[in-house]
Amino acid sequence: MITPLLEPGWVNAILPELILCVGGMLLALFDAFVPRAKGALAPLALIIFIAAAWTENLFIQGGTFFGGTYEISAITMIFDLTFLLAGMLAVLFSREYLDRQGLEDGAYYALLMWGTVGMMMMAKGLDLLIVVLGLEILSICIFVLVGFHRRIPVSNEASLKYFLMGAFATGFILYGTALFYGATASTNFNVMGRWFASNAATPLLTVAFVLLMSGFGFKLALAPFHPWAPDVYQGAPTPVAGWLSVAPKAATLIALVRLFDAMSPVLPKVNWMSMIAALAILSMIVGNAVAIVQRDLKRMLAYSGIAHVGYMMIAMLTVRDDSVAAVAVYTITYALMNIGAFGVVSLLVKNENDPHTLEDIAGLGFRRKFYGFALAICMFSLSGLPPTAGFISKFYIFKTAIESGHTTVALIGILASIVSVYYYLRVVYYLYMKEPAEGHVVQAGGSVFALGALTIAVVGILIIGIYPSPLFQAAGNAARVLLQQ
Amino acid sequence: MPILSTILWLPLAAAIVLAFFPRTADSAIKGWGLFWSTATFIVSLALLRGWDDAQAGFQFVESHPWIPQWGINYGLGVDGITLWLVLLTTFLTPLIFLAGWNSLKKHPKEYVISFLVMETAMIGAFLATDMLLFYIFFELMLLPMYLVIGVWGGANRIYAAIKFFLFTIAGSLLMLLAILYLAFQSYHQTGLPSFTITDLYGTMLDPRAAMLLFFAFSLAFAIKVPLFPLHTWLPDAHVEAPTGGSIILAGVMLKMGTYGFLRFVLPLFPEQTEKWAGLMITLSVIGIIYGALVAWVQPDMKKLVAYSSVSHLGFCVLGIFALNQTSIEGSILQMVNHGLSTGALFMLVGVIYERRHTRLLADYGGIGRTMPVFTVFFVIAVLSSVGLPGLNGFIGEFLILSGSFKTAPVAATFAASGVILAAIYLLWLVQKVFFGPITNEENRNIPDIAWNEIAAVVPLVVFMVWIGVRPNTFLKKMEPSVKHLVSTMQTGAESRTPVVADVAGSSLLVARDSSPARPVTTNQPPPTSNRTGGAQ
């Protein structure tokens with residue numbers, strides 16, 4: 001069967017990607033030619049992101065494109081919007097941060113956009129190679145963004161670390177992809193799905209799966225592939241760290257959903273999923289246990305992120321419409337609360353080479369009331385307390401886990417989140433109950449942009465927490481469409 | 001206008017508006033809190049006007065779909081079990097603002113907001129007829145309390161706040177898992193997703209799962225009560241909490257635990273309840289005696305009152321797991337009593353602490369002469385807590401003990417010693433602090449209780465007397481619901497041991513109350529019972 005390489009409507013299908021690609025280039029050029037107008041970069045970047053989000057639900061019709069390698073559906077739209085939301089929040093927090101650090105540069109915003117394009121490809125790719133391609137586009141952007149603080153040693157260290165380990169991870173993923181191709185004669189998820197439906201798993205596939213999961217586990221910061229995360233988050237410019245801790249994970253998860261769905265006929269017969277369960281349990285335990293001893297906020301959030309990926313992996317143990325919807329809802333929630341938390345940290349005025357310790361935010365809740373309130377809401381949400389989005393999303397995760405029969409893993413998840421409450425509350429303790437030490441009052445900067453971003457995060461967390469039904473409905477429907485094919 | 005929603009959201013709405021007040025408007029902030037919490041109380045009184053004494057189920061029911069795909073509703077309702085607890089909550093909150101009017105100096109705005117949010121959360125937990133809604137309010141009340149202890153508390157407040165939070169959250173998260181499992185089983189059996197509490201009552205569970213769920217729920221509530229040996233967070237929290245925090249914590253929040261037993265544990269797991277009632281009764285009796293003995297040796301007044309809470313709440317749990325109508329009615333009444341009398345005690349300890357900045361018994365002595373009005377109120381509160389006939393504490397403890405004697409005579413005998421111990425340690429407290437010579441010169445010139453504090457404590461005293469003299473006002477409204485609970489327990493468990501409904505205990509009260517025979521329509525043929533017992 002010969003299919004035309006470019007189906008009609010392909011331009012509309014990738015309109016958001018095109019807008020981001022071209023917009024990023026124009027922004028970089030604009031900065032090169034008009035170096036004085038650095039203040040305009042963030043608003044322009046914001047407009048480009050909003051334009052991309054606007055085209056998402058305006059022009060796009062669902063379907064597969066580019067010879068069945070690229071799929072547009074409701075779920076990709078949800079994930080696209082999550083990436084765009086993460087990007088926008090990062091831009092909003094970056095404005096003041098970059099200005100303060102003297103790093104304002106068109107390339108920075110361009111890299112955020114191109115990274116978003118990479119993630120969109122991962123979410124939409126129906127072919128493992130497209131996923132890998134998207135992942136590489138994303139990774140290269142991250143290497144540069146993490147090292148954007150080029151005069152600061154920790155930033156350089158972080159970039160190099162992520163580069164070296166990321167290269168390894170990509171190698172694993174490519175090797176795994178090759179082995180998958182060797183076993184199933186295709187890298188297309190749909191073709192692989194048909195192959196799995198009529199064939200049994202072979203040891204070769206086990207090796208391929210382990211290799212793939214090692215690579216994706218690295219991108220997800222899933223224990224035991226997590227050790228890069230604290231160092232990289234600590235060194236990266238703080239808004240980038242927030243973005244990095246959320247968006248690439250979401251993209252990797254949706255790619256994994258497609259992979260697991262394709263393999264679903266053989267999964268009951270092999271115990272690959274118990275490996276995933278082990279990774280999830282390990283992540284929850286390691287992430288939460290180590291986060292307790294962290295004094296640096298960014299490192300603490302890194303370990304908390306490891307635990308949160310563990311929670312999300314609980315839902316991935318059985319790929320059903322509910323579990324996919326739970327993961328989609330959780331990533332949106334996670335984007336709001338984690339970027340919000342990193343955002344408040346990014347507002348602290350201090351030498352970026354030094355750790356951002358808990359002492360830095362002592363008494364912030366009464367000094368800068370809205371920042372304190374926002375960070376407290378993010379912490380409550382991260383620890384899964386009602387009435388925040390973090391609670392209802394975690395509830396969704398555990399609900400699907402119990403309905404899929406993973407009660408033990410859910411129990412471990414619950415126990416792990418009891419532990420997590422301690423270190424999230426410690427942040428609230430420093431915010432409101434601790435007086436700053438003499439001569440150690442860290443000021444917080446601020447701008448309209450940062451205030452706007454924090455407002456989006458807080459309002460989003462509360463709205464999803466109080467009235468989650470529409471989002472659940474949308475995510476549930478989208479997941480059903482995804483899994484029917 | 002839906003009355004339950006009004007009562008529920010009014011404090012929160014007031015708190016949100018208050019957030020925009022300028023922080024320097026000190027009296028306006030306190031006045032705003034006092035005004036709206038009083039308004040909430042007045043609105044909540046409308047519950048009594050529209051109350052149907054004969055109805056056992058939920059009244060004033062409201063239900064709207066909230067997360068329809070999971071069968072989760074925004075469902076509110078109030079029945080005989082919760083009516084007085086809701087009123088207790090709306091009653092106590094304005095008194096806190098009143099009592100703390102002069103002493104509240106640090107961040108008054110955040111303080112008032114915290115208490116208003118807490119009021120909404122507590123009312124919500126009592127009113128919710130949906131499990132998830134209940135759970136959300138159950139946890140929501142932790143956050144403001146954490147802040148209240150942590151920001152306005154004493155020297156060791158951080159430790160106390162974190163301990164309070166971690167203890168409670170550990171229990172409630174396990175309960176969340178149990179709720180999910182239960183709802184899933186129910187969905188499995190009925191085909192309809194639902195989190196409505198009454199829908200889940202009939203869920204069939206295999207014994208092992210039922211036992212695990214029973215313990216998951218019981219753990220959450222036992223920590224909250226707190227039941228021995230899970231009580232260790234309570235003295236710390238109470239000692240460090242500011243006066244208002246202690247009043248709400250003891251007055252209302254602890255009742256979430258006992259209420260949870262009544263609403264969830266008993267009707268959801270009747271067989272397991274019967275099976276493990278012995279354990280719960282044993283723990284509650286240990287708590288009664290242990291709490292009393294530890295209270296006896298406390299050098300700190302507030303700690304003494306805190307441990308007396310452990311002891312008194314032990315009575316409530318004993319009454320619940322004695323599983324008969326009298327004891328459960330007594331238990332509910334005792335929850336209200338404890339809110340009033342311990343609330344008053346914490347308030348008065350706060351009053352004296354404000355003046356002398358010490359709570360050690362050894363620093364006082366003979367202040368009955370310098371603070372005569374204060375002493376009168378304190379002694380009334382103590383006598384109410386001790387269980388002097390004519391005051392509220394007596395009625396509650398009497399009903400609990402007389403009910404428990406039917407089903408658990410040994411436990412009731414031991415528990416009765418708790419009453420005596422309470423008399424010892426509380427009267428000992430009174431004697432040390434108020435009577436005898438003035439040993440400390442600083443105690444000579446303490447100003448007596450102020451107008452706002454009198455205004456806060458007088459309503460409490462009024463109700464102590466009212467419940468003590470006419471308990472029927474309160475009992476008759478809860479009776480149908482309790483009877484219904486006991487009978488569903490009975491049919492649910494198909495128990496071999498019949499639930500003993502008592503007639504003697506109630507008729508005693510009827511006689512004491514000298515009102516014409518209260519309709520004692522219990523589910524047991526009365527001929528054998530001794531109706532003349534009431535004539536003494």
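Author: Two residues count as in contact if their C-beta atoms, placed from the backbone, lie within 7 Å. This is a predicted model.

Reader: Which helices cover the buried residues of α19(B)?
Author: The buried residues of α19(B) include B:Ala411, B:Gly418, B:Leu426 and B:Phe434. Their cover comes from elements of chain B. It includes α13 (270-296), α14 (301-321), α16 (367-370), α17 (372-386) and α18 (392-407) of chain B.

Reader: What span does α19 (residues 409-434) of chain B reach from its first C-alpha to its last?
Author: The helix has 26 residues. At 1.5 Å a residue, 38 Å is expected. The span of α19(B) is close to that, at 38 Å.

Reader: Which residue just after α19(B) takes a positive phi?
Author: Look just past the end of α19(B). The phi there is about 85 degrees. The residue is B:Gly436.

Reader: Is the crossing of α10(B) and α14(B) left-handed or right-handed, and how do the contact residues divide?
Author: α10(B) passes α14(B) in a right-handed crossing. From α10(B), B:Leu234, B:Pro235, B:His238 and B:Val239 take part. They meet residues of α14(B) including B:Lys302, B:Ala306 and B:Val310. The contact divides into 6 nonpolar, 2 polar and 2 charged.

Reader: At what angle do α14(A) and α18(A) cross, and with which hand?
Author: The helices are α14 (residues 297-316) and α18 (residues 389-403) of chain A. Their axes come within 8 Å. They cross at roughly 35 degrees, and the crossing is left-handed.

Reader: How do the residues of the contact of α14(A) with α18(A) divide?
Author: α14(A) brings A:Tyr311, A:Met312, A:Ile314 and A:Ala315. These meet A:Lys394, A:Ile397, A:Thr400 and A:Ala401 in α18(A). The division is 6 nonpolar, 1 polar and 1 charged.

Reader: Which element gives the most to the side of chain B that touches chain A?
Author: The contact takes 24 residues from chain B and 25 residues from chain A. On the chain B side, β1 (59-67), α5 (131-140), α6 (142-152) and α7 (157-190) each give two or more. By class, that side has 21 nonpolar, 2 polar and 1 charged residues. With 13 residues, the element that gives the most is α7(B).

Notes:
Residues are numbered from 1 along each chain as its sequence is written. Chains are lettered from A and ligands numbered from 1 in the order in which they are written. This is a predicted model: local features need pLDDT of at least 70, side-chain atom pairs count only at pLDDT 80 or more; totals for chains, interfaces and linings use all residues. Axes are lines fitted to C-alpha atoms, for helices over the stretch in contact, and angles run from 0 to 180 degrees between N-to-C directions. Helices (H or I, at least four residues) and strands (E, at least two) are DSSP runs, numbered from the N terminus. A crossing is left-handed if the near helix is turned anticlockwise from the far one by less than a right angle, and right-handed if clockwise. Ala, Val, Leu, Ile, Met, Phe, Trp, Tyr, Cys and Pro count as nonpolar, Asp, Glu, Lys and Arg as charged, and the others, Gly among them, as polar. The expected span of a helix is 1.5 Å times one less than its number of residues. A residue is buried if 20 or more other C-beta atoms lie within 10 Å of its own, exposed if 12 or fewer, and partly exposed in between; C-beta atoms are placed from the backbone.
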